[in-house]
Amino acid sequence: MDTAQRAYNEAKDDQAKLGKTVDTGGKLLRTFHDIYVDSRPVYDAIIKLDKAAQSGDAAATADAAVAEADAAQKVLDGAGQANSPHEEMARTSAKGLIERLRSDAETARKAILAKDVPARKTALDKAISDKAAADKDIRPKRDAYRDCLAKANG
């Protein structure tokens with residue numbers, strides 16, 4: 001049961017890494033909404049990123065995150081000068097989020113167990129059920145063994 005629990009926890013951790021990548025992508029999109037009216041390329045990229053993460057595909061999630069970072073960088077590069085201090089602050093934030101998204105993409109690329117969460121959950125549930133059945137089955141046998149020892153020593 002402990003092995004099944006560890007395997008399930010590892011898969012859940014990898015799934016969380018994919019979720020973190022999607023969260024960073026979402027923050028980047030919100031930042032672009034603050035600065036630019038036309039953030040469609042970034043929006044399209046976050047949709048692909050979210051779908052990839054939902055499927056548990058680590059490589060596809062990483063590729064989609066890099067694609068979103070590239071789309072955001074392209075919009076940022078083509079935007080020209082900032083028109084206000086607010087826009088300049090948002091651009092600085094966007095640049096940081098682009099770098100964080102690229103870093104999260106590399107972390108997500110290694111999260112290959114994320115796809116295994118349902119199977120590992122099933123294995124864990126079975127291990128828990130088997131342990132409960134074994135615990136229930138052992139009590140009468142242990143009592144019978146004690147009775148046997150008591151008669152032998154008695």
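**Figure 1. Surroundings of phenylalanine 32 in the predicted model.** Neighbours within four places in sequence are left aside in this view, and the contacts of phenylalanine 32 are then Ser39, Val42, Ala72, Val75, Leu76 and Ala94. Phe32 is also one of four residues, with Leu18, Leu28 and Leu49, that touch the most other members of the largest nonpolar core.

**Figure 2. The largest nonpolar core of the protein.** This core comprises 25 residues. Two or more residues come from each of the helices α1 (2-35), α2 (40-55), α3 (58-77) and α4 (85-109). The greatest contribution is that of α3, which supplies 8 residues. In soluble globular proteins, nonpolar side chains tend to be buried together.

**Figure 3. Leucine 101 in helix α4.** The relative accessible area of leucine 101 is 0%, so this residue counts as buried. With neighbours within four places in sequence left aside, leucine 101 is in contact with Thr21, Thr24, Gly25, Leu28, Leu49, Ala65, Glu68 and Ala69. Of these contacts, Leu28 and Leu49 are among the residues that touch the most other members of the largest nonpolar core.

**Figure 4. The pair formed by leucine 101 and alanine 69.** In the protein, 79% of the contacts between residues at least 6 apart in sequence join residues at least 24 apart.

**Figure 5. The helices in the context of the whole chain.** The protein contains 5 helices and 0 strands, and its elements follow the order α-α-α-α-α from the N terminus on. The radius of gyration is 26 Å, well over the 15 Å given by the globule rule for 154 residues, so the protein is more spread out than a compact globule. Along the principal axes, the C-alpha atoms fill a box of roughly 95 × 25 × 20 Å.

**Figure 6. Surface and charged side chains of the protein.** The accessible surface amounts to about 9600 Å², and carbon and sulfur atoms account for 54% of this area. Of the 154 residues, 33% count as buried. There are 27 positive and 26 negative side chains, and a distance of 6 Å separates the centres of the two sets.

Note on methods:
Residues numbered from 1 in each chain as written. Predicted model: local features only at pLDDT ≥ 70, side-chain atom pairs only at ≥ 80, totals over all residues. Heavy atoms only, no water. Helix = DSSP H or I, 4+ residues; strand = E, 2+ residues; numbered from the N terminus. Rg over C-alpha atoms; globule rule 2.2 N^0.38 Å. Buried < 20%, exposed > 50% of the residue type's maximum accessible area, 1.4 Å probe, protein only. Contact = heavy atoms within 4.5 Å. Areas by Shrake-Rupley, 256 points an atom, 1.4 Å probe, with all protein chains shown as cover. Lys, Arg positive; Asp, Glu negative; His and termini not counted. Charge placed at Lys NZ, Arg CZ, Asp CG, Glu CD. Core = buried A, V, L, I, M, F, W, Y, C linked by side-chain atoms within 4.5 Å.
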